[in-house]
Amino acid sequence: MESVLDVAVDEAVQRERQKAREEMIRVRQGIQKVLERERKLMREQVRRATGQVREWVVKKQQDQLLQQAGQLQEEAQKLQGLARSRAGGRGGRDGATSSGAGLPRRGGRPTSREEYADRYEDTDGEDEY
């Protein structure tokens with residue numbers, strides 16, 4: 001009688017062990033699914049954050065380039081003014097106006113001839129005349 005009881009207890013223990021193994025497998029699979037979801041979410045967050053950082057860096061670089069362009073433009077205008085004042089100090093191109101008709105220039109922009117003269121002005125300090 002004890003052997004029948006021992007067999008029944010052994011079978012019950014085996015069934016419980018099998019149930020516990022199956023439950024552990026389900027728990028592991030559930031944990032794996034949760035971890036996979038979390039990884040996907042984290043990857044997406046990293047992608048978004050990286051994109052935002054890239055946008056910020058590009059904007060910063062554009063702002064810096066615009067600022068540098070503004071500074072260069074100001075410097076160019078100062079140099080053009082200096083070149084014009086130097087040209088004006090030599091008699092202002094024989095007293096003739098830039099338009100040739102005694103009228104002021106349109107929009108204050110130099111003519112092609114003036115731009116060429118300003119750009120390729122003799123800078124060695126000696127007059128050609």
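Let's start with the nonpolar patch. Patch members need over 30% relative accessible area and no salt bridge; nonpolar side chains (Val, Leu, Ile, Met, Phe, Trp, Tyr) are joined within 5 Å, like charges within 9 Å. Accessible areas come from the Shrake-Rupley method with a 1.4 Å probe, and for residues only the protein chains shown count as cover.

Before I go on, the ground rules. This is a predicted model: local features need pLDDT of at least 70, side-chain atom pairs count only at pLDDT 80 or more, and totals for chains, interfaces and linings use all residues. Residues are numbered from 1 along each chain as its sequence is written, and side-chain values use heavy atoms, with hydrogens and water left out.

Back to L5. L5 sits in helix α1, which covers residues 2-89. Helices are DSSP runs (H or I, at least four residues), as are strands (E, at least two), numbered from the N terminus. Is L5 buried or exposed? L5 is exposed, at a relative accessible area of 55%. The cut-offs: buried is under 20% relative accessible area, exposed is over 50%, and partly exposed is in between (1.4 Å probe, protein chains only).

Now the charged patch. E2, D6, D10 and E11 gather on the surface as a patch of negative charge. Asp and Glu count as negative, Lys and Arg as positive; His and the chain ends are not counted. Each charge is placed at NZ of Lys, CZ of Arg, CG of Asp or CD of Glu. Take D6 from that group. D6 is in helix α1. D6 is partly exposed, with 45% relative accessible area.

Next, the whole chain. The chain has two helices and zero strands.

On to pairing. Side chains of opposite charge can pair when their charged atoms come close. For a salt bridge, a side-chain nitrogen of Lys or Arg must be within 4 Å of a carboxyl oxygen of Asp or Glu. The whole structure holds five salt bridges.

One of them joins E23 to R26, with the closest N and O atoms 2.8 Å apart. Both residues lie in helix α1, three residues apart, about one turn of the helix. E23 is partly exposed at 39%. R26 is partly exposed at 48%.

Then E44. Which partners does E44 have? R47 is one, with closest N and O atoms 3.2 Å apart. R48 is another, at 3.7 Å. Along helix α1, E44 and R47 are three residues apart, so about one helical turn separates them. E44 and R48 are four residues apart in helix α1, again about one turn. Shared partners join E44, R47 and R48 into one network of salt bridges. E44 is partly exposed at 32% relative accessibility, while R47 is exposed at 55%.
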